[in-house]
Amino acid sequence: MALEPFACFMDVENSRAYIDELYSEDTYKCQEAIVCLKNAVIGSNKKKGSVISQGIVPRLIALLRDDCKDPNLRLDAAIVIGSLAKGTESQVHSLIYYETVQVLLGIVINPNTDRRLMETCLGALKTILQYPFAPIELLHCNIGNLMRLIQLASPNSSIQCQEYVANIFVPLCHSSHQQKNLCQANVIPFLARLMTSQLTILQVPALKCLAAMCFTNKYVSDIVCLTCHEERSILDILTELLSRTRDVQIQLSASRCLTYLHRSGSLRADDYRIVYKTLPSLARLCSDDFDEDTRATAAETLAYLAEIDSELQRLAAISNHLICSLANLIRCPSPLSRQGAFRCFASLAANDEDIRKRIIEMDSLMEEVLKGLKDTCPEVRLSAVRCLHSLSRSVQLLRTTFQDHSVWRPLMDLLVGEPSLELLTVVTSTICNLLLEFSPAKEPMLESGAVEMLCELTKHSDPALRLNGSWALMNMAFQAEQNVKSKIINTLGTDRIFQLLGDSDERVIMKTLGLLRNLLSNTVHIEIIMSEHASEVLRAVNLVLDGPHPPEVKEQALIIISNITAGARDKDYVLEDENIIKKIREFLIVPDNKLQMGAVFVVRNLMDKSGRQKVLRESGILENLEQLLHMTPRDSQFYEDIRQEILRFDFSDEH
């Protein structure tokens, strides 16, 4: 006689009778125990945890994978596993530990599996694979697995089966390899079919999967743009799905697809689908008419859409009262809302001063940004700093709003502890702007240990942070007092300067040369620095001149040499360096405008002082200079400029 469901429910917690029955070879007794178990775990994470802790999962898996067992018994075992998969994260971890995914996948791809069992296993598989720690590589290891799933979700299959498969594909697109794998399995035509199904339950996961496949992947995005379904291109299908008559989630998901197609490089920024369809749709979805999650996701997507295009930023800023909508969104309680609003403000304010002014004029906006810097959610803090970084590109705001709120203090506070690499990069990028010569924050930041912090940053393993460190030091040295310059040199150390000039990242080399240029930019300062560090400075310059660097890098070294020749009064540092003189002579006649003009400026400064013409003639420099004067112009304006410089020189010999 079967036990009553309530008694079975209690047994899961208080007895082992049902466990013994689960292991019975008597199909009837085992079936009763599984039914009891199925009723017990539905809707109760506590009961799910109890079942898992009692070691029942391996028995369920054994029943499920044994195709000699009664079909109903296997089906009920699959139902229980599917219910356990809807439990807590740790409970799903346990299922994965027992290789549940492998078993479910094996049953699903087996062509002889009963339809009801197959669909139940598909549902359980869908639930487990939504977790970021799920072993999705099991599906990718054989492209046949992906193709079999598409086959299972044919137009003749149930809506539920198609929905399961569509959702299974969504988390399978984390890497470029996985995106291409899905593409090669012909997932794109399958998704196109679901997108035109007129069933929201199929369209939304299909759109989410398509968006994930296109994200930062031009190879896949190009294929998407060329793919048609029933003589309609996917681009036209996506554009139609932006209609206000569609479900909001469909509009939002279609907007994300078109956004990713643009950002991958497959759809131009001025394409009408982007300018007149996608951008207005996202701006509208940010308004107060929609639920908070929709608005937050729309803001995040719009931020990404316009992030690198100033015209899209300008259009977005005047679309559908967007700035006001974002100001309202930033005050919503959820972290996702604040993150999306800050991120979108950061994107809009990246390049346009008028947009920055409109943003900062929103009521209490700066107070909200400063609150965001202290938010407990890391993503909100990062987005708030991104917003601040864009606003910090405004000279007016640096001198007014940033000064009024002492913005530098909370920024420096974010460097304490162990901030993430991404946060550290954006914070230090903002600090670079705060250290510009016209920023009132420069002086108090110096007093708060900015030099030491930035010098330490130049030692970081990440090139972006080494760049920010050298960039900020360059800004700090611009038109600085001698004591500040000396502190930078002494704290950074000449050995570190040499290391930075040999950096693998060319941008770091350029900013380090900029730092040296700013350090050697005042006659008095040049005398002091060269008297103490002449050998190190000249060695650094030669390191660049001799290195395999492009002309724009060597041009910076020539500017430093030019500064030294103009500022040093007591000693001819440059004339005494044979290698530099040799390089100047060579650069005068190389076929590169930057190097030629840089060399001319060095020679001009050398000839401004008497007694040097003889040395310059003996070194061959004046001969090459005269040769340059009579060269056939390749670029008439450039050679006219350079000719005017040369004609100022006095070529008279001195004896």
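**View 1. Buried residues of helix α21.** In helix α21 (residues 310–317), the buried residues are Leu 312, Gln 313, Leu 315, Ala 316 and Ala 317. Buried means under 20% relative accessible area, exposed over 50%, and partly exposed in between (1.4 Å probe, protein chains only). Helices are DSSP runs of H or I with at least four residues, numbered from the N terminus. The model is predicted: local features need pLDDT of at least 70, side-chain atom pairs count only at pLDDT 80 or more, and totals for chains, interfaces and linings use all residues. Residues are numbered from 1 along each chain as its sequence is written, and side-chain values use heavy atoms, with hydrogens and water left out. The cover over the buried residues of α21 includes α18 (248–263), α19 (272–285), α20 (292–306), α22 (322–329), α23 (335–348) and α24 (353–360).

**View 2. Thr 512 in helix α36.** Thr 512 is part of helix α36 (residues 506–519). Its relative accessibility is 1%, so Thr 512 counts as buried. A polar atom of the Thr 512 side chain lies 2.8 Å from the backbone oxygen of Val 508. Apart from neighbours within four places in sequence, Thr 512 is in contact (heavy atoms within 4.5 Å) with Ser 470, Ile 497, Leu 500 and Leu 501.

**View 3. Two loop residues with positive phi.** Asn 186, a residue other than glycine, has a positive phi near 65 degrees. Asn 186 sits in the loop between α13 (176–184) and α14 (187–195). With a relative accessible area of 47%, Asn 186 is partly exposed. Thr 216 is not a glycine either, and its phi is positive at about 50 degrees. The loop between α15 (200–214) and α16 (218–226) holds Thr 216. Thr 216 is exposed, with a relative accessible area of 54%.

**View 4. A nonpolar surface patch.** Ile 159, Leu 199 and Ile 201 make up a nonpolar patch on the surface, and together they have about 240 Å² of accessible area. Patches are made of residues with over 30% relative accessible area and no salt bridge, with like charges joined within 9 Å and nonpolar side chains (Val, Leu, Ile, Met, Phe, Trp, Tyr) within 5 Å. A salt bridge is a side-chain nitrogen of Lys or Arg within 4 Å of a carboxyl oxygen of Asp or Glu. Accessible areas come from the Shrake-Rupley method with a 1.4 Å probe; for residues, only the protein chains shown count as cover. Leu 199 is located in the loop between α14 and α15, and at 34% relative accessibility Leu 199 counts as partly exposed.

Key
Polar contact = N/O pair within 3.5 Å; in protein donor to acceptor, adjacent residues only side chain to side chain.
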